[in-house]
Amino acid sequence: MGTGGPATVRVGLAGLGRFGKLHASVLAALPGVELAAVCDPAESEVAAVAARHAVKGRYPSLDAMLAAEPLDACFLVTPEPLHAAQALTVLERRIALFVEKPLAMTVAEGEVVLAAADRAEVPLQVGFLLRFETRHALLKAEIAAGRFGPLVSLRAKRNVSRAWFPAYGDRAHPVYETSIHDIDLLLWYAANPCTAVYAVERNHARLTYPDACWAMLQFANGAVGIVETSWFVPAGAPANVITPDWHGTIDSELEVVGTDCSGRIRLLDGGLAVWQPELAAHPETSLWPESGGSIGGALREQDHHFIDRVRDGSASLIADAADALSGLRVAAAIVESARTGAEVRLAA
Ligand SMILES: NC(=O)c1ccc[n+]([C@@H]2O[C@H](COP(=O)([O-])OP(=O)(O)OC[C@H]3O[C@@H](n4cnc5c(N)ncnc54)[C@H](O)[C@@H]3O)[C@@H](O)[C@H]2O)c1
């Protein structure tokens, strides 16, 4: 699709769980977008989301939706292990694709998806919404302008609610669930390939995947990174994720040290606190805040940016799909290092 794409972009959305419902609210309110169809094997979710946003197309599967609906773009907000195969199904039909993170669960699958998007000549974007969050974007601009000097270290923590782990602990290694955001940010800020990884993981809950993982990354320019995640934030911690379907805490911090400047971002310090009898609410105001009945923040910016790419047919200059593949390479190295206890070297 070249410049002068459709005046109204017809979008289909697959996956109507915690995050799919947020995308649905954003897409239903974006100007020039028709949320034309939704699908999910959970019939009740399809009925509820379709009724809330007056969506006409309601389907039990991606295949049924794609067979029946002429779509300009498709959003995949499905469980992580489904992404690669579903992405290929969408791209084979030459439909522009937004896929939530991670792009895929293996590097080989990620490469196949990128090649399919190239063949289809349609935009492909992966859900790294922190690139669209104001503080993270401003920090990137400062670093890119050279004000930090050579980077010395980058440290990212993403600890999340213990109560969320049962939903994910048998689904994907936490590196693909939480740390993939920070791997992406560190690669973006370092603007350099990661050349070596050493990682350690722990499994306290005894589900399929570990519930804590720490990784040290070395970059080609000499910068050193730390990416850490665990799923042990207790229920009594201030809640910053407060949606009708999803409730708990993302305790994330990021610090970048250069020879001339250092910068930091702390998610829990948003500035808004509402202490209720049973809950210390610190509602997050930058990622997907709801006000006046619609969702704004980074999620809206990201989805809007992708829709613009669908309209003009160009690749995203903010969230390049090739970067998502680089992130997958680092994620795979972290999993391998944590499994073997040995450093894993990556080709620069
Ligand atoms: N960017 C972020 O900050 C962020 C935050 C949360 C989740 N996510 C991502 O969003 C995606 C979904 O996560 P979630 O937390 O909403 O999970 P979820 O389990 O709450 O929802 C997944 C939904 O997909 C549906 N589904 C299962 N198989 C399907 C199929 N074959 N076709 C269509 N739908 C199917 C399920 O019925 C469910 O409703 C994941 O990739 C996750 O990593 C991203």
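**Aromatic pairs in the fold**

In this predicted model, the count comes to 10 aromatic pairs, where rings of Phe, Tyr and Trp (its six-membered ring) pair if their centres lie within 6.5 Å, with planes under 30 degrees apart counting as stacked, over 60 as edge-to-face and the rest as tilted. One of these pairs is formed by Phe-19 and Trp-288, whose ring centres lie 5.1 Å apart with planes at 80°, so the pair is edge-to-face. The two residues belong to distant parts of the chain, 269 residues apart, since Phe-19 sits in helix α1 (residues 18-29) and Trp-288 in the loop between β16 (280-281) and β17 (290-291); helices (H or I, at least four residues) and strands (E, at least two) are DSSP runs, numbered from the N terminus.

Phe-19, at 17% relative accessibility, counts as buried, and Trp-288 is buried with a relative accessible area of 12%, where buried means under 20% relative accessible area, exposed over 50% and partly exposed in between (1.4 Å probe, protein chains only). Phe-19 and Trp-288 also form one aromatic cluster with Trp-164 and Trp-246.

A further pair joins Phe-98 and Phe-306, with ring centres 5.8 Å apart and planes at 65°, so this pair is edge-to-face. Phe-98 is buried at 0% relative accessibility, and Phe-306 is buried with a relative accessible area of 0%.

Residues are numbered from 1 along each chain as its sequence is written. Because the model is predicted, local features need pLDDT of at least 70 and side-chain atom pairs count only at pLDDT 80 or more, while totals for chains, interfaces and linings use all residues, and side-chain values use heavy atoms, with hydrogens and water left out.
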